[in-house]
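Please read it with the model open.

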Amino acid sequence: MKNWQQSGNSYYLRDITSQQEKLSNAVYLVKYGEMTGFYLDKMFVDFSFSHKIYGKDNKFVDRCVKSYNKTSGNLGILLSGVKGTGKSVTAKLICNALQLPVIMVDTAYDDIDVLLSEIEQDCIVLIDEYEKIFERRIHH
């Protein structure tokens, strides 16, 4: 079984038995190094907002949490809409409400699916701005 190896703020999924089994609840960014392969950098404990969030209806966030709690398998949430409608803020509010490790993908890595399929714990995979990150692959 693969476990998480920690080095500073970076986490590596490795075949090591003396490291932590599960990620703690925090926000991690997927990174890749030629020598190390995939690893996670711990960015922060949760998403914080430097500004007050006005007019955010928490019914949708609450419904997402309720759906997750009633689901035994994977749950996917796709937020779509025009620029500036609060998709990113809503996604971050959902992440905070679920209190799970969040794995952010901000680069179109080859074989990212292999890393994600090896994670043996509940977590959130957040791909913000998907169409920009994977634009090259969408058109080919």
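1. The model is predicted. The protein has 5 helices and 6 strands, and along the sequence they follow the pattern β-β-β-β-α-α-β-α-β-α-α. The radius of gyration is 16 Å, close to the 14 Å that the globule rule gives for 140 residues, so the protein is as compact as a globular protein of that length.

2. Taken along the principal axes, the C-alpha atoms fill a box of roughly 45 × 35 × 30 Å. Of the contacts with a separation of 6 or more, 51% are between residues 24 or more positions apart.

3. Buried residues account for 32% of the 140 residues. In soluble globular proteins, nonpolar side chains tend to be buried together. Here the largest nonpolar core has 17 residues, and F47, C95, L98, V102, M104, I124 and L126 have the most contacts inside it. Two or more residues each come from β3 (27-33), α1 (58-70), α2 (87-98), β5 (102-104) and β6 (124-126). The largest share, 5 residues, comes from α2.

4. Which residues does L126 touch, leaving aside its neighbours within four places in sequence? L126 is in contact with F47, A91, C95, V102, I103, M104 and V105.

5. A second, separate core has 15 residues, including Y28, F38, I103 and Y109.

6. The accessible surface is about 9,600 Å², and 48% of this belongs to carbon and sulfur atoms. The protein has 17 positive and 18 negative charges, whose mean positions are 9 Å apart.

Key: Residues are numbered from 1 along each chain as its sequence is written. This is a predicted model: local features need pLDDT of at least 70, side-chain atom pairs count only at pLDDT 80 or more; totals for chains, interfaces and linings use all residues. Side-chain values use heavy atoms; hydrogens and water are left out. A nonpolar core is a set of buried Ala, Val, Leu, Ile, Met, Phe, Trp, Tyr and Cys residues joined through side-chain atoms within 4.5 Å. Buried means under 20% relative accessible area, exposed over 50%, partly exposed in between (1.4 Å probe, protein chains only). Helices (H or I, at least four residues) and strands (E, at least two) are DSSP runs, numbered from the N terminus. Contact means heavy atoms within 4.5 Å. The radius of gyration is taken over C-alpha atoms; the globule rule is 2.2 Å times the number of residues to the power 0.38. Accessible areas come from the Shrake-Rupley method with a 1.4 Å probe; for residues, only the protein chains shown count as cover. Lys and Arg count as positive and Asp and Glu as negative; His and the chain ends are not counted. The place of a charge is taken as NZ of Lys, CZ of Arg, CG of Asp or CD of Glu.
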